[in-house]
Amino acid sequence: MSRGLLGLLGGVALLVAASFWSLDLQWRQFLSADSMARMGRFLAEMAVPASDAAFLRRLAVATAETLAMSAVGTVLAALAGAALALLASREPALGVAGRQWARVPTRLLLNVLRSIPELVWAALLLISAGLGPFAGTLALALHTTGVLGRLFAETIENAPDGAAMALRVRGVPRGRVFLYATLPQTLPQLMSYTLYRWENNIRAAAILGVVGGGGLGQMLSFHMGLFHMAETGAILMAMIALVALVDLLSWWARRVMGR
Amino acid sequence: MNSRSTAAVSGQAGLSPALRDPAWTGRVFWALAALLLMAPALVAVEFKPWVLVEPDNLRITARFVGDFFPPAMSADFLKLVAVEIWRTVAIATAGMALALLLALPLTLLSCSAISVSSLSGRMHPLALALRQAVRWLLIVLRSVPELIWALVFVRVVGLGPTAGVLAIALTYAGMLGKVYGEILESGDPAPTTALLRNGSGRLQAFFYGLMPTNGAELTSYTVYRWECAIRSSTVLGFVGAGGLGQQMDTSMKMFNGGEVATMLLAFVLLVALADRVSSRLRKALG
C-alpha cells in the first residue's frame, strides 16, 4: 500500500470519526423502546392508507398539480435557459453573444442559479410569491434555468458550423443564421436535455411542497404535521408510484429511442 | 434569400421576400398547440406572475433583498455559520459512513458476480430469491426521497442532526447498493469466476477478484455521492434536520436578508469546494 493511499485512508477515517464525535447524535433516544414503539405505530398506521373518495380526489388533484408544476417549471426554464445560453455561448454567429462583457456575467448568473437547490429557491420565493404551487414552479424554473442554460450554451458552442458558415458568407444576418442553421442542428440535443430535466423535476416537484411550494409535498407535510398517518401513507404511496412511473417511462423511452 | 422567391405565400404576402418563412404554417400550429396544452397546467400551478409585482409583495421582497447587501459579517455570526458548515459536512460524512456500512453487506448479498451456484448452469432458486429480495429492499430504500425520511425521523427523534444522518444513510444505502451491484456485475468476471472455480470462498473472491478490478470505480462513485450528500444535507436542514439549512430556514422566517445572503454565499462556496475536492480525488483514482 502506497503512502499516499494510507494518508488518504487516514484522512477519511479522521473525518468520519470527527463527524460522529462532533454531532450530538441521539442514538440512545433513537434506539429507545419509546421511539421504536412510536416508529412501529407510525408504520402500522401508514400501512392502512386512507382511501375515502374525498381524500383520494384531493390526492389526485395534488398529483396533477405536481405534474403541472414540473411541466411549467421545465418549459419556463427551457425558454429562459435558451435565452441565457445565447448570451453565455461563444457562438460567433451571434452579435452580442460573442462578446466577453455579456458572456462572463451570464455564466456567473447561470452558476448561481444552478448551485442553489430547488428547495432553497422555493423557501426564498415564498416571501414574494406566497405559499402554493406558484412558488414551487418558479423555484423549479430558476434552478433548471441554471442547469439548462449551461447545457444549452455548451451544445450551441459545439454545434458543427458548416451550415451557419454557408449562410453567413452569403450575408444572412446573425439572428437568422442562428434560427435557420444552428437551432435546427442543435434542437434534438436541446430537447433531450429538456426532457431529462423534466424527469428530474417531477421528482423534485413531489417534495418541494414540504417547505410550502404546493403539490404532493405540501399535502404530505400538512398531514404529517397533524400525525394523520393513514393519509401520510397514501400520499407517500402516490409519490413513490409517481416516481416509479417516471422511471419506467424514461427507461422505456430511452430504449425505444436508442434503437 | 434573393428576389427570385417571388411566389407569395398566403398570409405573408405583405412581407419582403427575405422575411418569408417557408415553414410558417407548421410553426404557428405547434406554437398554438403547445399553448393549448400548457393552459390547464398554468391554471393548476396558479401561474399569476403579477402577484410578484403587487405593491405589498414588492415592498416586502424589496426590503428582504435589499437586506442582502451588506451580508451579515459580524464575528459571532460568522462563527455560527462556520460551525453550521462543519455540521453540514459532518452530517453528510456520518450519513455516508452509515450508508456504506449498510450498502456493503447488501451489495454482497445481491451481487450475482459472486454466485457459486451460477458457475454451473443456473443460479439456485433460493439464492435467486434472496438476491431479488435484497434488490427490492434497495429499491424501496432509494425510492423514498431523503427529505421524506428526514421528515419521518424528525417526528421520531426530534429536531437535530440525528434525523439528517439517518435520512442520508437510508437513501444513500439504496443508491450505493444498486450502483455497486451494477459496477461489480459489469466488470470482467474472469478473475472472480476463476477464483470461485478453484474453491475460494465468496468473500475471498470478492476481495481478490472483484475489488482489485473494480475498486477504483467503486471509490470514485462513493466520493461523488459524498459530494451529493453535502448538498442534500443542507436541504435536509429545512425540515429541521440540523446544519446550514436549518439556520437558513430560521433566518428566512425572520426575514433577515443579511444573514440569508451570508449563508447562501457560504453554501455556494461549500458546494464549489466539495465539487473541486471530489473531482480532484476522482481524477487521482483514475
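## A loop in chain B

Let's start in the loop of chain B between helix H1 (24-44) and H2, where B:Glu46 has its place. The model is predicted, and in it B:Glu46 has a positive phi of about 50 degrees, although this residue is not a glycine. Is B:Glu46 buried or partly exposed? With 19 other C-beta atoms within 10 Å, B:Glu46 is partly exposed, because a residue counts as buried if 20 or more lie within that distance.

Another residue to look at is B:Phe255, found in the loop between helix H9 (244-253) and helix H10 (257-285) of chain B. B:Phe255 is not a glycine, yet its phi is positive, at about 55 degrees. It has 13 C-beta neighbours inside 10 Å, so B:Phe255 counts as partly exposed.

The loop between helix H2 (55-66) and helix H3 (75-110) of chain B holds B:Pro70. Here the peptide bond from B:Phe69 to B:Pro70 is cis, and its omega is near -5 degrees.

## Chain A as a whole

Now turn to chain A, which has 11 helices and 0 strands. The C-alpha trace of this chain spans about 80 × 65 × 45 Å along its principal axes. How does chain A compare with a compact globule of 259 residues? Such a globule would have a radius of gyration near 18 Å, but chain A has 24 Å.

Of the 259 residues in chain A, 41% are buried. Take the contacts in this chain between residues at least 6 apart in sequence: 70% of them join residues at least 24 apart.

## Where the chains meet

Chains A and B touch each other, with 47 residues of chain A in contact with 43 residues of chain B. On the side of chain A that touches chain B, 33 residues are nonpolar, 11 are polar and 3 are charged.

## The nonpolar cores

In soluble globular proteins, nonpolar side chains tend to be buried together. In this model, the largest nonpolar core has 127 residues. Which residues have the most contacts inside this core? They are B:Ala150, B:Ala167 and B:Ile168. Helix H4 (residues 53-88) of chain A gives the core its largest share, 15 residues. There is also a second, separate core of 5 residues, including A:Ala164, A:Val177, A:Phe178 and A:Ala181.

For a closer look, follow B:Ala150. Leaving aside neighbours within four places in sequence, B:Ala150 is in contact with B:Ala163, B:Gly164, B:Ala167, B:Leu236, B:Val239 and B:Ala241.

How values were computed: Residues are numbered from 1 along each chain as its sequence is written. Chains are lettered from A and ligands numbered from 1 in the order in which they are written. Two residues are in contact if their C-beta atoms, placed from the backbone, lie within 7 Å. Ala, Val, Leu, Ile, Met, Phe, Trp, Tyr, Cys and Pro count as nonpolar, Asp, Glu, Lys and Arg as charged, and the others, Gly among them, as polar. A nonpolar core is a set of buried Ala, Val, Leu, Ile, Met, Phe, Trp, Tyr and Cys residues joined through C-beta atoms within 7 Å. A residue is buried if 20 or more other C-beta atoms lie within 10 Å of its own, exposed if 12 or fewer, and partly exposed in between; C-beta atoms are placed from the backbone. Helices (H or I, at least four residues) and strands (E, at least two) are DSSP runs, numbered from the N terminus. The radius of gyration is taken over C-alpha atoms; the globule rule is 2.2 Å times the number of residues to the power 0.38.
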